[in-house]
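Work through the exercises below with the sequence and the model at hand. Each task is followed by a solution in steps.

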Amino acid sequence: MSVLRVTGLRMWLPGTLRPVLDGVDLSVGEGETVALVGESGSGKSLTSRAVLGLLPEGAEVEGGVEVAGQDVLALTPARLRELRRRTVAMIFQDPRAGINPLRRVGDFLVEGRPGSRDRARELLDAVGLEQRVLRQYPHELSGGMLQRVMIAGALMGDPKLLLCDEPTTALDVTTQAEIVALLAALRERYGTGLLFVTHDLDLAAAIADRVYVMYAGRIAETGSAATLFSRPRHPYTAALLAATPRVLRSPRRLSTLPGQPPDLRTELLGCAFAARCPLVTAVCRTDPPELVAQVACHHNLTGAEHA
């Protein structure tokens, strides 16, 4: 059963000639972790924020965003606040930007909720922090500890869906691994669905059940993490994987993606990836490919390309 269903989501911003999100379809099931990956500027964070109803100023939106049966785009401001308190929560990239430095951690977690201090203690224990943290200020905690506090805060309302927007980017690799393991354990314990936004393919492979690859506001490819990363079918996915460093790989220069993503101030007739794609043909420049059989490409890769 889906806790999140996004269908045909399009978003226009002032000054752009084409949508920054262009027909996005994705879903997250109960207790499932789904990764949304792609380059910076591909639309990952805009998509996750749209799930919370956090739209940029002047944005025009069409399509559907449904969280636990509620149409997010049709909710009043009061209903949106209730949704964010009880049904869906977000963990942002920088934990220090989300906590008032003048308030104790306990105040941040409880926030005037009657009888919620016991729940705060329970969640601190679940994220591996001692109870004394409740009396401490944010500056007294390391980045990893503060991110654990943010996770505990996100779980205070028992959300059905947790949005994780690059939650480990600001952390060292050891702490990053601990946070990823913690999120996986909490998903098992509470049955929460996770949408994990990241540009790190290895991280997505480690935590996700399914993956959506995003490029220029569109879904380029989707599938199980195991299949997608071992046998990518979209040239963009294959290029991202080829550009990922590998410790065991023989020393050589990393592959890079030539060119840049398309400018939002210009019209786009065909495939968004056409100008950078090694498989481009005439049809790619005139007809945008539909997402068919989990890949949006006129010439999706087969076994021969992976040999």
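**Exercise 1. Strand β9 and its neighbours**

How many bridges join β9 to strand β10 (residues 218-224), and do the two run parallel or antiparallel?

Solution. The model is a predicted one.

Step 1. Strands β9 and β10 are joined by 6 bridges and run antiparallel.

Step 2. As for burial, strand β9 (residues 210-215) is mostly covered, with 5 of its 6 residues buried.

**Exercise 2. An aromatic cluster**

Find the aromatic cluster that includes Tyr 215, and classify the ring pairs Tyr 215 makes with Tyr 236 and Phe 273.

Solution. 

Step 1. A search of the whole structure gives 3 aromatic pairs. In one of them, the ring centres of Tyr 215 and Tyr 236 are 4.6 Å apart and the planes stand at 55 degrees, so this pair is tilted. It links distant parts of the chain: Tyr 215 belongs to strand β9 and Tyr 236 to helix α9 (residues 235-242), 21 residues apart.

Step 2. Tyr 215 has 5% relative accessibility and therefore counts as buried. Tyr 236, with a relative accessible area of 0%, is buried as well.

Step 3. For Tyr 215 and Phe 273, the ring centres lie 5.2 Å apart with the planes at 85 degrees; planes over 60 degrees apart count as edge-to-face, so this pair belongs in that class. Phe 273 sits in the loop between α9 and α10 (303-306), 58 residues from Tyr 215. The relative accessible area of Phe 273 is 3%, so Phe 273 is buried.

Step 4. Tyr 215, Tyr 236 and Phe 273 together form one aromatic cluster.

**Exercise 3. An open sheet and the helix on it**

What is the strand order of the open sheet of 4 strands?

Solution. 

Step 1. The order is β2-β1-β4-β5, and the pairing is antiparallel. Strands β2 (21-29) and β5 (70-71) are the edge strands, each pairing on one side only.

Step 2. Strand β1 (residues 2-12) pairs with β2 in the antiparallel sense over 7 bridges. Within this pairing, Arg 10 stands opposite Asp 22 of β2.

Step 3. Helix α1 (residues 44-51) packs on the sheet and touches β1, β2 and β4 (60-67). The direction of α1 makes about 120 degrees with that of β1.

**Exercise 4. Positive phi in loops**

Where are Asp 158 and Gln 294 found, and is each buried, partly exposed or exposed?

Solution. 

Step 1. Most residues other than glycine have a negative phi.

Step 2. Asp 158 is in the loop between α5 (143-155) and β7 (161-165). With 47% relative accessibility, Asp 158 counts as partly exposed.

Step 3. Gln 294 has a positive phi near 75 degrees and lies in the loop between α9 and α10. Gln 294 counts as partly exposed, at 44% relative accessibility.

**Exercise 5. Cysteines**

How many disulfides does a search of the whole structure find?

Solution. 

Step 1. The search finds 0 disulfides.

Step 2. For Cys 271, the nearest cysteine sulfur is that of Cys 284, 6.1 Å away. A disulfide needs sulfur atoms within 2.5 Å, so Cys 271 is in no disulfide.

Step 3. Cys 271 has a relative accessible area of 15% and is buried. Cys 164, at 0% relative accessibility, also counts as buried.

Conventions. Residues numbered from 1 in each chain as written. Predicted model: local features only at pLDDT ≥ 70, side-chain atom pairs only at ≥ 80, totals over all residues. Heavy atoms only, no water. Buried < 20%, exposed > 50% of the residue type's maximum accessible area, 1.4 Å probe, protein only. Pairing = 2+ DSSP bridges. Contact = heavy atoms within 4.5 Å. Axes fitted to C-alpha atoms, helices over the stretch in contact; angles between N-to-C directions. Phe/Tyr/Trp six-rings, centres within 6.5 Å; stacked < 30°, edge-to-face > 60°.
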